[in-house]
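Reader: I am new to this structure and would like to go through it with you. Could we begin with a single residue?

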Amino acid sequence: MTVRQSIVFNGDLGSGKSTVSVEIAKRLGLRRVSVGDLYRQMAQERQMTALQLNLHAELDQAVDGYVDQLQRDIAASGESLVMDSRLAWHFFTDALKVHMITEPTEAARRVLARPSGPAESYTSLEEARAKLRERSESERGRFIVRYGVDKARLRNYDLVCDTTRANPEQVIQHVVDVYEGRLGADVLRAGQPLLLLDPRRVYPTEDVATLRGLWDTDRAEGGDEAPEPLSIGYTGEYFFVVDGHRRLSAAVRAGLPMVAGRLVAEVDEPVVGGVSAVDFFAAQVRPGLIHDWEDANGIALPLPEHALLGGGPVLAGEPNAGA
C-alpha cells in the first residue's frame, strides 16, 4: 500500500469539494484547511461578494499574497493534511492532487440549494451558473498571469473526479482507494492522471455500426479484476473515448456513475498522427455518430458547438468562451 503525505482538492464550484474533503479528513484523521472558507471570510470583512473579491484580487496582489504564504508555510511544514484550495496543487509536491468537476447546470443547482451568505448568494439557476463561470474564469486568468499556471490543465492533477451523478460516499471511497494505492496505481505510476468520469458525459469517436454485436464482450465491471481504464481525450470542454467504446457503453448501460480512464491527450496534445485532441474531436464527433450512440445506449448528449455550427469547437476553458 502506497500512501502519499497529503490530499489537496481543487475543482469546480459546486463539485462537492467541501463535503468530500471534510469527510475524508475525518476518516483519515487528518487536519483540514479550507482556503475557500478563508476567502469567504475575507469577502465578508470587506463587505464584498465572493465574485467581487475575486475581481478585486486581480488588481490587489495582497489578497492572494496572504493566502499564498499560508499555503507555502503549510506545505513546508511537512504536516499530512487535507487541503481544500484551488491552488494548493501548485504549492504542494508530495500530495495526491484531486481535481473535482461537475456539469455546470448541476453545479449551479447545488450551489443554489445550499444556504446563502453575504459573500455568496444567487436568485436563479441562470444567475448562479453565470456567476460561477465568471468566478472560475476570473481565477483562471489571475493564476495564469500571476503564477504562470493553468488550473484548467488536467495534467496538473493526479485524480480527476466527475461528481455529476456520483454521490458523496462513492466519491469519498474512490479518493481514499486512490490515496491508499488500491485504485489507479498503474495509471499514476505511468505519470498520467487517473480520470473517474460520468460515462454518460463521454463522447464516442467510433461509429456504432462497427460495434454492433460486440456490446457484451466487454463488461464495465466483473470478476475480481477491475476493467482496463478507457483511453480518454479532452478538448478543454468535452471528454471523448479514444479506445474502450464497448467498456464505456457497458458502464452506461449498467448505470455506473463513474468509469475509470487514463488521459491520452488534452487540448493541443496529439491523439494520433499529430492530430490534436481538439481537431480529432471536431473531425470524429459528428451529429449522426452522436445520435446513433444515444439510441444504442438510451442517453442524451448535448451536441458540441462545432457540430451545431459546422465550425471548430469552442473550449470551455478558454477565456471569453460562450456559456
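Reader: Is valine 267 buried or exposed?
Author: In this predicted model, valine 267 has a relative accessible area of 17%. Buried means under 20%, so valine 267 counts as buried.

Reader: Where is the place of valine 267?
Author: Valine 267 sits in the loop between E10 and strand E11 (270–272).

Reader: What about the phi of valine 267?
Author: The phi of valine 267 is positive, about 55 degrees, although this residue is not a glycine. Most residues other than glycine have a negative phi.

Reader: Turning to the sheet, in which order do the strands run?
Author: The order is E2-E3-E1-E4-E5-E6-E10-E8-E9-E7, an open sheet of 10 strands with mixed pairing. At the edges are strand E2 (31–34) and E7, each of which pairs on one side only.

Reader: How many bridges join E4 to E5?
Author: Four bridges join strand E4 (residues 95–101) to strand E5 (residues 159–162), and the two run parallel. Within this pairing, histidine 99 has valine 160 in E5 as its bridge partner.

Reader: Which strands does helix H8 lie across?
Author: Helix H8 (residues 168–179) lies across strand E1 (6–11), E4, E5 and E6, and runs at about 155 degrees to E4.

Reader: Now the largest nonpolar core: which residues touch the most other members?
Author: They are Leu195, Tyr203, Ile232 and Phe239, out of 33 residues in that core. Among the elements that each supply at least two residues of this core are strand E8 (230–234) and helix H10 (245–253). Apart from it lies another core, of 24 residues, including Ala25 and Cys161.

Reader: And what does phenylalanine 239 touch?
Author: Not counting residues up to four places away in sequence, its contacts include Ile101, Leu154, Arg201 and Gly233.

Notes. Residues are numbered from 1 along each chain as its sequence is written. This is a predicted model: local features need pLDDT of at least 70, side-chain atom pairs count only at pLDDT 80 or more; totals for chains, interfaces and linings use all residues. Side-chain values use heavy atoms; hydrogens and water are left out. A nonpolar core is a set of buried Ala, Val, Leu, Ile, Met, Phe, Trp, Tyr and Cys residues joined through side-chain atoms within 4.5 Å. Buried means under 20% relative accessible area, exposed over 50%, partly exposed in between (1.4 Å probe, protein chains only). Contact means heavy atoms within 4.5 Å. Two strands pair if DSSP finds at least two bridges between them. Axes are lines fitted to C-alpha atoms, for helices over the stretch in contact, and angles run from 0 to 180 degrees between N-to-C directions.
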